[in-house]
Amino acid sequence: MKILLGVCGGIAAYKSAELTRELRRRGATVQVIMTANAERFVTPLTFAALSGQQVMTSLWQPVNSDVATDEAHGFDIEHIRVTQDADLLVIAPATANFIATMAHGFSDDLLSSVCLAAKMPIIIAPAMNSNMWSHPATQSNLVTLRQRNVHIVAPGSGELACGMVGDGRMAEPMQIADHVFELGQRTSDLAGETILITAGGTREPIDAVRYVGNRSSGKMGFALAESALARGAKVILISASTAIPVPVGCDHLRVTTASELEQQVLTQLDRASMVIMAAAVSDYRVVSPATRKLKKQASLTLELTQTPDILRQVVQARAAGTLVVGFAAETENILEEGRRKLREKGVDMIVANDVSGSDTGFESDDNAGVILWEGGEVRLHRASKRSMAGRILDHLHGVRKESVTPGTDVPLARSPSSLDPIFSG
Ligand code: PMT
């Protein structure tokens with residue numbers, strides 16, 4: 001893959017040096033283009049050494065004299081030529097200013113001119129202060145870019161260069177590289193699908209300030225949403241108690257309790273051709289939550305009652321052809337418990353993940369598990385949640401391809417042949 005990597009002026013520019021290395025490690029050719037401000041953070045020499053190519057920095061840089069005037073092809077204009085050679089344009093970090101430049105179509109330096117001339121897919125990895133990220137102007141520019149099919153690798157949360165803590169940290173180089181290769185390899189295979197995804201953990205009130213909840217961060221569900229968007233699907237994302245940035249371009253609904261989640265899922269179900277329940281839904285709620293803050297006392301007894309099983313209701317209420325995937329969060333007997341949930345909930349697939357450790361499952365950036373369906377299973381070794389999301393969507397896409405006969409109702413395939421070898425044992 002030939003990749004153009006645009007680097008803008010932000011402290012995260014140093015991470016793009018690592019990105020360059022990672023892209024090359026995975027076999028890509030990388031041509032780096034730096035803005036003038038980027039050169040204030042990292043020197044072109046660093047990128048030249050890591051990419052093995054001269055770095056492009058200016059519209060007025062002299063062009064290789066052998067190709068500058070070619071009678072057959074006309075005058076060689078560097079910022080046009082590079083876009084014709086490349087498969088993908090990645091901008092990392094993309095600053096608030098550069099995002100605005102792209103959204104408004106300015107071309108006042110080399111990188112912005114390349115963006116305007118580019119016909120290939122574009123990925124941006126924003127990085128900025130959290131107030132700049134959440135500003136309506138930035139958010140509206142991002143929506144504009146998304147509408148133009150620019151792929152956005154959402155920033156993470158954490159400590160920022162300005163000392164604030166919040167959203168706006170550029171995604172990690174490995175994560176950006178995952179996006180790049182995912183996009184390079186499969187373009188719009190999920191176009192036409194509307195995928196309803198749940199994420200995060202529901203909270204059931206005890207009183208006005210306390211709740212029964214769980215450790216779900218929403219990372220797994222959000223990774224599924226980002227991956228589905230990148231592959232051309234429409235995404236309805238319903239999230240419960242998450243604090244990470246929402247993927248740009250999805251229809252997003254926020255809920256708190258299991259009962260709110262149930263209501264939203266059932267309302268949106270008609271629009272969905274696939275449903276993936278990655279949310280960690282509270283199995284119990286407090287029967288009579290107090291409306292005020294309860295006074296501290298030596299002991300407190302709560303009466304809990306079961307919440308409705310949303311997944312089961314989805315299976316019963318879905319239209320023909322709607323594929324339904326559940327997750328199973330397990331600490332032991334993962335395969336057996338996953339199979340039991342597959343059977344009892346009547347879903348097309350279960351992704352059973354081990355939530356006993358701290359490296360995978362709840363809150364972590366990585367996950368591991370096994371995809372189970374009626375005819376088989378495939379192990380998902382530890383990988384980033386984004387990469388695992390890609391595998392899950394591959395399997396769903398495989399089921400869809402095998403089950404659709406044009407002009408007929410969609411019967412559900414049970415053992416898609418495109419799946420990976422079964423892990424037996
Ligand atoms: O959010 P992260 O920090 O990234 O962590 C990801 C995760 C560990 C939360 C995720 O990968 C995961 O396992 N999600 C499902 C958690 C869960 O609720 O598992 P369960 O085995 O208790 O439930 C089985 C399935 O039934 C799930 O799809 C769940 O969404 C659904 N369910 C559960 C209870 C209920 N009342 N209604 C439901 O629909």
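Student: How many salt bridges are counted between domain 1 and domain 2?

Tutor: Keep in mind that this is a predicted model. Domain 1 covers 2-185, and domain 2 covers 194-291 + 299-423. Glu 182 pairs with Arg 386, with the closest N and O atoms 2.5 Å apart. The count between the two domains is one salt bridge.

Student: What area is buried between domain 1 and domain 2?

Tutor: The C-alpha centres of the domains lie 33 Å apart. The contact takes 14 residues from domain 1 and 13 residues from domain 2. Carbon and sulfur atoms give 55% of the buried area. That area is about 1,100 Å².

Student: Is Leu 300 buried, partly exposed or exposed?

Tutor: Leu 300 sits in the loop between β16 (284-286) and β17 (304-306). With Tyr 284, Leu 302 and Leu 304, Leu 300 forms a nonpolar surface patch of about 350 Å² accessible area together. Its relative accessibility is 45%, so Leu 300 counts as partly exposed.

Student: Why does Asn 149 count as exposed?

Tutor: Asn 149 lies in the loop between α8 (136-147) and β7 (151-152). Its phi is positive, near 70 degrees, though the residue is not glycine. Exposed means over 50% relative accessible area. Asn 149 is exposed because its value is 59%.

Notes: Residues are numbered from 1 along each chain as its sequence is written. This is a predicted model: local features need pLDDT of at least 70, side-chain atom pairs count only at pLDDT 80 or more; totals for chains, interfaces and linings use all residues. Side-chain values use heavy atoms; hydrogens and water are left out. Patches are made of residues with over 30% relative accessible area and no salt bridge: like charges are joined within 9 Å, nonpolar side chains (Val, Leu, Ile, Met, Phe, Trp, Tyr) within 5 Å. Accessible areas come from the Shrake-Rupley method with a 1.4 Å probe; for residues, only the protein chains shown count as cover. A salt bridge is a side-chain nitrogen of Lys or Arg within 4 Å of a carboxyl oxygen of Asp or Glu. Helices (H or I, at least four residues) and strands (E, at least two) are DSSP runs, numbered from the N terminus. Buried means under 20% relative accessible area, exposed over 50%, partly exposed in between (1.4 Å probe, protein chains only). Domain bounds come from an automatic or database domain assignment. Contact means heavy atoms within 4.5 Å. Buried area is the accessible area (1.4 Å probe) that two parts lose on being put together, summed over both.
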